There are 8 protein chains.
Amino acid sequence: MNGQEVLELLLKLENHEIDAKTAFSTLKGMPFEDIGYANIDHHRGIRQGTCEVIYGEGKTAEQIKGILERMLLRGERDVLITRLSSEKAALIEKTIPLTYHPEARIGIANETLQKDHIGNIVVATGGTSDIPIAEEAAITAQTLGNNVVKLYDVGVSGIHRLLSRHDVLMKAKVIIVVAGMEGALASVIGGLVDCPVIAVPTSVGYGAAFNGVAALLSMLNSCASGVTVVNIDNGFGAGYSASMINHIGE
Amino acid sequence: MNGQEVLELLLKLENHEIDAKTAFSTLKGMPFEDIGYANIDHHRGIRQGTCEVIYGEGKTAEQIKGILERMLLRGERDVLITRLSSEKAALIEKTIPLTYHPEARIGIANETLQKDHIGNIVVATGGTSDIPIAEEAAITAQTLGNNVVKLYDVGVSGIHRLLSRHDVLMKAKVIIVVAGMEGALASVIGGLVDCPVIAVPTSVGYGAAFNGVAALLSMLNSCASGVTVVNIDNGFGAGYSASMINHIGE
Amino acid sequence: MNGQEVLELLLKLENHEIDAKTAFSTLKGMPFEDIGYANIDHHRGIRQGTCEVIYGEGKTAEQIKGILERMLLRGERDVLITRLSSEKAALIEKTIPLTYHPEARIGIANETLQKDHIGNIVVATGGTSDIPIAEEAAITAQTLGNNVVKLYDVGVSGIHRLLSRHDVLMKAKVIIVVAGMEGALASVIGGLVDCPVIAVPTSVGYGAAFNGVAALLSMLNSCASGVTVVNIDNGFGAGYSASMINHIGE
Amino acid sequence: MNGQEVLELLLKLENHEIDAKTAFSTLKGMPFEDIGYANIDHHRGIRQGTCEVIYGEGKTAEQIKGILERMLLRGERDVLITRLSSEKAALIEKTIPLTYHPEARIGIANETLQKDHIGNIVVATGGTSDIPIAEEAAITAQTLGNNVVKLYDVGVSGIHRLLSRHDVLMKAKVIIVVAGMEGALASVIGGLVDCPVIAVPTSVGYGAAFNGVAALLSMLNSCASGVTVVNIDNGFGAGYSASMINHIGE
Amino acid sequence: MNGQEVLELLLKLENHEIDAKTAFSTLKGMPFEDIGYANIDHHRGIRQGTCEVIYGEGKTAEQIKGILERMLLRGERDVLITRLSSEKAALIEKTIPLTYHPEARIGIANETLQKDHIGNIVVATGGTSDIPIAEEAAITAQTLGNNVVKLYDVGVSGIHRLLSRHDVLMKAKVIIVVAGMEGALASVIGGLVDCPVIAVPTSVGYGAAFNGVAALLSMLNSCASGVTVVNIDNGFGAGYSASMINHIGE
Amino acid sequence: MNGQEVLELLLKLENHEIDAKTAFSTLKGMPFEDIGYANIDHHRGIRQGTCEVIYGEGKTAEQIKGILERMLLRGERDVLITRLSSEKAALIEKTIPLTYHPEARIGIANETLQKDHIGNIVVATGGTSDIPIAEEAAITAQTLGNNVVKLYDVGVSGIHRLLSRHDVLMKAKVIIVVAGMEGALASVIGGLVDCPVIAVPTSVGYGAAFNGVAALLSMLNSCASGVTVVNIDNGFGAGYSASMINHIGE
Amino acid sequence: MNGQEVLELLLKLENHEIDAKTAFSTLKGMPFEDIGYANIDHHRGIRQGTCEVIYGEGKTAEQIKGILERMLLRGERDVLITRLSSEKAALIEKTIPLTYHPEARIGIANETLQKDHIGNIVVATGGTSDIPIAEEAAITAQTLGNNVVKLYDVGVSGIHRLLSRHDVLMKAKVIIVVAGMEGALASVIGGLVDCPVIAVPTSVGYGAAFNGVAALLSMLNSCASGVTVVNIDNGFGAGYSASMINHIGE
Amino acid sequence: MNGQEVLELLLKLENHEIDAKTAFSTLKGMPFEDIGYANIDHHRGIRQGTCEVIYGEGKTAEQIKGILERMLLRGERDVLITRLSSEKAALIEKTIPLTYHPEARIGIANETLQKDHIGNIVVATGGTSDIPIAEEAAITAQTLGNNVVKLYDVGVSGIHRLLSRHDVLMKAKVIIVVAGMEGALASVIGGLVDCPVIAVPTSVGYGAAFNGVAALLSMLNSCASGVTVVNIDNGFGAGYSASMINHIGE
């Protein structure tokens, strides 16, 4: 709730348009809906531009449906559910309109069919095994209204594969780099371009990859400037941040 | 065995009410019952105010039943069994009166139906996925005779959800904060209130959450004073400590 | 700022005792004083019962003096400065009344000479090397108005030293256990008493003690119930939490 | 070297304006100058928008001067030298025009006096001890042509300090959050705003802060969307990325 | 192969009882039998007092049988197979005489029925869940010819349980302490007795127990002297070392 | 693409044998084939001497088949697929000629029946459980055209087993040492020979072996010179590097 | 305090030789002397065979002197002070008879000139840099009455150095192996002998030696049976345990 | 001592050229010289091709001189002393001919002035700060008789710097890659060339570089084949291994 809104509320009170108890009640209760196991933040669309995103892991299909029902009642569209297993998706789509992407494990409830897409986000991966996380980033960004270009399997062990696509990189407004193992792709791309790079370490690899720690440390220590990092396998977070950045210029 | 009891025993000996061997035997053997795989501490009720709690993981249903039988024989009530799977619970309740809470994975043997509850313990969670651990804390505290108020899914990504429940926080005598991911809720609540906060990191999260390590470190380094921490996912420990604190004022 | 205060402010506004801009300004600016490098929280005394505590490390003597001057102007007493080096203390006490405890590295500005002390906090250490951290806890607790009993060098390698002081432990309302190396003292004391135990791991030890990590993990995994933990070497935090708990019963 | 430039070079060759050996030599040697201990990337200004930044740590004053001399010869302005000790700065400024910021440990060689600043980058810190890293971020961003607003010491232990500056946060195009200890500030700010947040963990703290690891993990696991992270104490990296993002909209 | 044997071999050669090639061949090939996937050390009984022990994990039942057959052919008795699953045991005992202990996951091939047992090894555990590892230690020690006394579930959360068995501890020649969680039992016992203590950390516990790391670090940092440590869950290693020590006095 | 090739291309352009656009297109697109989920590097055979190796983990059987089909179309032989499960192998070999080694989990597509093998690579293991990783190394090296000698189960707990095979070690041109647990075999062999040793830590062991970390650290800290290390369980990498070294002398 | 002593005390009480208060007082206070900063355990000589050992680190010279004075008053001889800097030693020996070993950083107060030494403890090191820790072990063992044989710089990078001293190893009753880097010496010696081996990892090494962690993990995972481990750089602990074992047979 | 030598010794014994005791003594004592604190391996030159290398850290100047004197007496040339501080070097060169390289911290005793250098080892670094470790590798390799080409400061943040030196890389027989921070250079070079790459992680970097751990993990997980790794900052080890490999082809 921003300062302007508080001020307006207070002015109404001063003008006796509302009384003190009402004002207090408004301040206190408005933007949330408590359904016992979840406290839905209906105010997020105003405060942050997109409605609440549901993290599907650790919630039952019933809980997710309960949350979705309240959100759809308020007219929310394009509600993202991340880390959604295909089993839960099947249960949810019985009663709620849902587009499900199995590789990315993302569901979109009440999807807008025709949407404007702006700007240019490139999603690059080091290898084939990184694609599920890259898809999570790409679908997130597309759902939030961004144009997305995919550049998969361009890891540094064959640097010419990447350099040959230099033109694609040069046109990006933001680049998401998804890589496991040693995660060197983030540094190499970061050194080639002049736009922000968001690096997503993946848990691809074995042994001393330590489920993504090697790639995470590598990316945090990138010798190239302009690289920021999100959590291991957090394709959603990268897509979300890239969308924010991509929308700044519009 | 406290000093007063030792002194009384020695006085009895001095007065020839008992002889030396009896005194020695009493000192040595009294409070335990050795049943081979367990050494039941029947003295705990006197020494620590509550009877022994059974940690269910790593014990067979048969072993738990064996321990419970000896405890019930001595008249123990409200015996907590933590980390109890529903399979083991089903086996136990065939012969022993048991209340089982599946989400919290807690069983209560020989539960007292009408109990006085005192004080005010608030249990808050960052998200919906933290609820099982929160329930473990809440049921522990209720069984030990405390009033419990639940405040679930009030994580810091929507700080207004928490601030709108400020009145609930201000009335608490102790607050248990259960949160995974970055565990920031403990610091925020710790900065708002003037009562002790017990923080429970949960293993909710992925990647660099490292099964609760991120939340644990976050809570140990809380910039708010008055926050102490228990082990990852240790809802029971938080509920137990909160009960101790809540009872101090009575 | 609690709900009652917001409500009163709004009522004044409703009654035209104040106007909307004043109310907004009060809500927004009142409790802080921004001096560039610090944002002093003058509201803390009301919100949390004790005035703000200054963490001395990473601040220059000049910065600490600047903060203290504003606080003393508002009449604050017994302002704690933790992790204060003797060099900085010497510079500060040239212009500000300061009691300095070199072993605990704590300064107290504008100390109240005659204070009431209540309750009973026991501070126990595993060894002689843990005493500086124990003193930090003890002085914090004393400054916050608590009676403190010290039980130093009672580590588990000679368990009889501890058992012989059983009477002292039994009278405590809260116990602070300060130990490095394997930190086993927290579990042993936790198993003997029925009051809350706050465990402080110290960085005493070498090799696989890993600067307090061994003791920290040990304490987090205590097999005794009722033990909560603070950060490594955080004597202040333990003293502060113990004071909160000790005051509940008064 | 981008595709357009390669194509032009090849066209010149086709038109016999240059011969093959010259073309090869241009492709190979142009953008770098090898001075033995360093390979200066004079091409970076074209490729990435800003000239090369010198990482001062691990280089002698002589080495830094050698690099700067070549860069200034080519007319570079506003060359940043990060992690520059005051001793080295004193040696360098004997022969090279240098603006030195001791708290941020940044030097700017051949600084442009009047520069246009655009947009709005907010730099917030959790505490006073985080200021040096925040200054590194702020000066980097200012030197790269951005307006910077500072919001220091607004950590979550007194959440009202932050909420009272809500208006400043709402106007930002990018926010840099600098915090040590548990780093919770990033999540709280991330939940309040709808612009990208770049989180900088600092090594402020002790014990289980592990020199910034606690804050780093906390920020990587932020429950708020839109937060990306840079290396511990990497104020420069945050300022550089924020500048890239802030410039997108211009 | 010890020096005396080499000398004798050389003397035979000097006396022309054998020729140089034979001597070389003897030196080189004698004590091993290479069966492709294993290199059986038939010389170990002479060199180390007990025949080779087979580590069952990572070997197929067929491989274990192959090794056992060669060993039994040479007349070995009481061959220990550790970490042996019940499935593999069932396959092996079809053709080879095998005593199998399921809780300890140990098999003994060609067991000697009547054996002399000497000395006195005490095996103590912190809890009931530590018993499988304790049994591995106990059966190893018994098979190697030692008297074993068991003291299970005497953890420090009820220190009187341990002190009441003080007489048992005082009679031991070696004590094996098996404990998970915080592993404090090793320090407490180490402080009570004057015989060597071998500590076995177990993977019992959860969260920050880190599968036995907490107990391991705790035991390595024991403030009591006379405590040495083996790998997590290495009951066999403790039993083997204890047997070596117990046999010294005979 | 090496410098010589670029120069030749440019010369052709200078001589009007090709035009600029063709040259650019050649530079850019030639050596790769993008099939959506993979970017096959057909140029590798020229650039690195062997064709691309397929990492089977994280790819579906369909994806692997798709890549193989394109490679076989170009006439590639002896294509290695590592970390290939038997289920995927069964699916692949329905349409593609495949030799599958289940213990090593390696497939070889379009295998050359009669191949020249050169040099001498010894593959040694510490124990029987290390054999699968050793086989991965051995089959990789054999497929790449090297003679391989196996020396399995010669760990340091029976040092004579190793010393008796001294002659085999002395004839090697490269030695691959595969060991888990404490990985001491690498140091011992490294001290005996004068050829390069490549150490492969395995995840064999339990507890503080930490899935190969103990062996990895041990090998990185080898007190013997001439030892280099690859990732945990990376038999393929060791075989590949050994082959490169073994071929230098030919 | 052992059971026999308690029984005798109680018999005296029963016979009215002492009264109950005296008995209680004896039970409670006898074996310790509290001097404020230390709780000296005068009972240890009886309970554990050797008098208390003073850990010098973290204690001031004054504190150490205070403890020593009380111990010498009671007639203690050969009091070990470990981790004693030469500066503190110089201060102490002004008033107390002290033998100081600078390399081992051990002091011995009131040393017995003529002592019987028994048995045979071998102390072996991997390299020259491990000698200070080895000396700490050796002097501890000698002071406690054991014969010690030193075998320094016999690391596995030149295995023949070790094998040539096989005779010395074969005569030992206990062997202490002191090694840094990869610590492989413990496994090699453990495989050669049939007596207990106590392994001491040292912090010798750099990089991934992690101050002794590599050697520690290596030793905990020794593939040789009969190896137990003490803390990194804990020469004293190894010497103490070895002495206990060596004395069993006497 | 290799098998051939043992056989010859035995043949002499058989022919009565020597007697058994002499043979035994030769076998046992020949190749080492025990000077108390060191066991000099004079046999290494025969066994491993180069004489023993002295690790200077943790040895006093006196100890190093003592070892050198014995080695020079036996006619050793080009004895490397690594990790040698300038202070120790100054003390040693008073009596022993020493070439000292301060940046690499290497000394060479009794250096051969005119030496043949063979082959081609390229040493590449990511940045300027990595040069000291690269020099350690380069000087080691040169002293062992190899041609060395240096390619410094060619890190991946400006990939064109590296690609422009493609010709140098293509001519190498072995490449040593020295890099800190994220260590990505090893993967990029590994993907470009067909010769063995030895990667040396350096401790250059800050924060989550963790003193070289980030680079180490990155290199161990290289997606390029043909890369092996040595310890952090182990320039010597890389130079030594590279020399072994470079000499194979001669």
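A polar contact is a pair of N or O atoms within 3.5 Å; within protein, one of the two must be able to donate a hydrogen and the other to accept it, and residues adjacent in sequence count only if both atoms are side-chain atoms. The model shown is predicted: local features need pLDDT of at least 70, side-chain atom pairs count only at pLDDT 80 or more, and totals for chains, interfaces and linings use all residues. Residues are numbered from 1 along each chain as its sequence is written, chains are lettered from A in the order in which they are written, and side-chain values use heavy atoms, with hydrogens and water left out.

**View 1. The interface of chain B and chain D.** Across this interface, 8 residue pairs are in polar contact, both residues being at pLDDT 80 or more. On the side of chain B that touches chain D, the elements that give two or more residues are α7 (159-163), α9 (185-192) and α10 (213-220) of chain B. Of these, α10(B) gives the most, with 5 residues. Helices (H or I, at least four residues) and strands (E, at least two) are DSSP runs, numbered from the N terminus. That side of chain B divides into 17 nonpolar residues, 7 polar and 1 charged. Here Ala, Val, Leu, Ile, Met, Phe, Trp, Tyr, Cys and Pro count as nonpolar, Asp, Glu, Lys and Arg as charged, and the others, Gly among them, as polar. The contact (heavy atoms within 4.5 Å) takes 25 residues from chain B and 25 residues from chain D. About 2000 Å² is buried between the two chains, and carbon and sulfur atoms give 71% of this area. Buried area is the accessible area (1.4 Å probe) that two parts lose on being put together, summed over both.

View 2. A salt bridge is a side-chain nitrogen of Lys or Arg within 4 Å of a carboxyl oxygen of Asp or Glu. Glu62(B) and Lys65(B) form one, at 3.9 Å from N to O. Both residues lie in α4 (residues 61-73) of chain B, 3 residues apart, about one turn of the helix. Glu62(B) is exposed because its relative accessibility is 56%, whereas Lys65(B) is buried, at 12%. Buried means under 20% relative accessible area, exposed over 50%, and partly exposed in between (1.4 Å probe, protein chains only).

View 3. In chain D, the side chains of Arg161(D) and Asp153(D) meet in a salt bridge of 3.7 Å, N to O. Arg161(D) is buried, with a relative accessible area of 3%, and Asp153(D) is buried too, at 10%. In chain E, Asp153(E) and Arg161(E) are linked with Glu52(B) in a network of salt bridges.

**View 4. The surroundings of Ser225(H).** This residue is found in the loop between α10 (213-220) and β11 (227-229) of chain H. Not counting residues up to four places away in sequence, Ser225(H) touches Phe236(F), Tyr240(F) and Gly190(H). Ser225(H) counts as buried because its relative accessibility is 14%.

View 5. A disulfide is a pair of cysteine sulfur atoms within 2.5 Å, and a search of the whole structure finds 0 of them over all chains. The closest cysteine sulfur to that of Cys195(B) is in Cys223(B), 17 Å away and too far for a bond. Cys195(B) is buried, with a relative accessible area of 7%. Cys195(C) is in no disulfide either, and the nearest cysteine sulfur, that of Cys223(C), is 17 Å away.
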